[in-house]
Amino acid sequence: MMLKPDWERNVRRVEPYIPGEQPKERNVVKLNTNENPYPPAPAVQEILSGFDCDELRLYPDPDSAVLVNAIAEFYGVKPSQVFVGVGSDDVLSMAFMTFFNSGSPLLFPDITYSFYDVWAEVYRIPYQRIPLRSDYTIDPEDYLIENGGIIFPNPNAPTGILESTDTVEQIVSSNPDSVVIVDEAYIDFAGDSGKASCLPLIEKYDNLLVVQTFSKSRSMAGIRIGYAIGSEKLIKYMNDVKFSVNSYTMNRITQLCGAAALSDREYFTETVDKIIVTRELAKKRLAELGFTFTDSRSNFIFAEHRSVPAENIFKALKEKSIFVRWWSDPKISSRLRITVGTPEEMDRFFAALEEIVNG
Ligand SMILES: *Cc1c(COP(=O)(O)O)cnc(C)c1O
């Protein structure tokens, strides 16, 4: 008798990460995935317009030297301290594979970027969620337990709360036997002219990896560029893994566009500052409409209305073609995450919101 074929027994089964919706319609106000409402730096358009298609015959530089050097120069570090990938999701995934190989649990906050547990599952990394304090801040004392690594975003997502460099340093310095990853996807919106970043600490701690992205503050989510900065040792280990998986992750056009974006500091500062101004104004208007929220230092606001449930607001906004983010997880289901758009987008958002909550 033939046995029933059972190839599915050997499948790596995972529950995938669910990204925010990318609606196909045109005239929506899209405040659901923390994209930047302003276009990339003009230098990026110049690269695209001048690109010679014939170059696509050839493989890209596997070291992405043009981009790595530009990032190193921008942050005043050595090129050997920079790793680049296809969005910071790719960088983080490589970092998980490279650094979290212990039998002890990887630690991260219980309210945080919902990709961390997905990577931990797919790579079979044991993990433990560490509860935030009731005001959503991190208690560094909670990270003194036995672990095989630590990761958290700063500012955290979806709360937007920024932890001080002192708090970050406490966690890094008390865990010399683990790699600590700080996911700074939103750090450019923290203000303080760049001083909020824990990057300076990499000179002091060779177990600290700082990850950032071009997707938010540099308006380039569609081209996929992320990077990690850390000690030469950490970066070498990551490159060893990357070159064991796929050498040519970054295409030719992306490498050039990334370097071009970094060349225009003025445009970068100007667009980031505009978003910060719009965010602070949005906080005032939300408060007037009866919302409370955490003190976001990112390009989104995590807000809760005093009487109307977040799910209802989320659905009513969607009917008016305004997209924000809402999660059914009971820990955060009372809140909406609202990305900061242009002033015009925020006007449309607030007009709709006012109708919904004051109806
Ligand atoms: C957006 C985001 C990322 C990923 O961004 P990429 O587009 O892959 O660079 C990583 N971490 C956090 C916390 C994010 O919000």
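**Close-up views of helix packing in a predicted model**

**View A. Contacts of leucine 286.** Leaving aside residues up to four places away in sequence, leucine 286 touches Phe291, Phe293, Ile301, Ala303, Ile338, Phe350 and Leu353. The model shown here and in the other views is predicted. Leucine 286 lies in helix H8. Because its relative accessibility is 1%, and buried means under 20%, leucine 286 counts as buried.

**View B. Packing of helices H9 and H10.** Helix H9 spans residues 310–319 and helix H10 spans residues 343–358. Their axes lie 10 Å apart and form an angle of about 125 degrees. H9 and H10 are therefore oblique to each other, and their crossing is right-handed. On the H9 side, the contact is made by Ile313, Ala316 and Leu317. H10 contributes Phe349, Ala352, Leu353, Ile356 and Val357. By class, the residues of this contact of H9 with H10 are eight nonpolar, no polar and no charged.

**View C. Packing of helices H1 and H7.** Helix H1 comprises residues 42–50, and its axis comes within 7 Å of that of H7. The two axes cross at roughly 150 degrees; H1 and H7 are therefore roughly antiparallel to each other. The crossing in which H1 passes H7 is right-handed. Ala43, Val44, Ile47 and Leu48 of H1 meet Ile253, Leu256, Cys257, Ala260, Ala261 and Ser263 of H7. The contact of H1 with H7 consists of nine nonpolar residues, one polar residue and no charged residues.

**View D. Packing of helices H2 and H7.** Helix H2 (residues 65–75) and helix H7 (residues 252–263) have axes that come within 8 Å and cross at roughly 20 degrees. This angle makes H2 roughly parallel to H7, and H2 passes H7 in a left-handed crossing. Ala65, Val66, Leu67, Ala70, Ile71 and Phe74 form the H2 side of the contact, while Gln255, Gly258, Ala259 and Leu262 form the H7 side. Eight residues of the contact of H2 with H7 are nonpolar, two are polar and none is charged.

**View E. Buried residues of helix H2.** In H2, the buried residues are Leu67, Val68, Ala70, Ile71, Ala72, Phe74 and Tyr75. These buried residues pack against S2, S7, S8, H7 and helix H8 (265–288). Glycine 76 follows H2, and its phi is positive, near 65 degrees.

**View F. The two sides of helix H6.** Helix H6 spans residues 232–242, and its buried residues are Leu234, Ile235, Met238, Val241 and Lys242. These residues cover an arc of only 120 degrees around the axis, which puts them on the same side of H6. Lys233 and Lys236 are exposed on the other side of H6, whereas Lys242 is buried. The buried residues of H6 pack against strand S2 (82–85), helix H3 (87–99), strand S7 (208–213) and strand S8 (226–229). Strands S2, S7 and S8 are also packed against by the buried residues of H2.

Definitions and conventions. Residues are numbered from 1 along each chain as its sequence is written. This is a predicted model: local features need pLDDT of at least 70, side-chain atom pairs count only at pLDDT 80 or more; totals for chains, interfaces and linings use all residues. Side-chain values use heavy atoms; hydrogens and water are left out. Axes are lines fitted to C-alpha atoms, for helices over the stretch in contact, and angles run from 0 to 180 degrees between N-to-C directions. Helices (H or I, at least four residues) and strands (E, at least two) are DSSP runs, numbered from the N terminus. Angles under 35 degrees count as roughly parallel, over 145 as roughly antiparallel, 65 to 115 as roughly perpendicular and the rest as oblique. A crossing is left-handed if the near helix is turned anticlockwise from the far one by less than a right angle, and right-handed if clockwise. Contact means heavy atoms within 4.5 Å. Ala, Val, Leu, Ile, Met, Phe, Trp, Tyr, Cys and Pro count as nonpolar, Asp, Glu, Lys and Arg as charged, and the others, Gly among them, as polar. Buried means under 20% relative accessible area, exposed over 50%, partly exposed in between (1.4 Å probe, protein chains only). The arc is that of the directions from the helix axis to the C-beta atoms.
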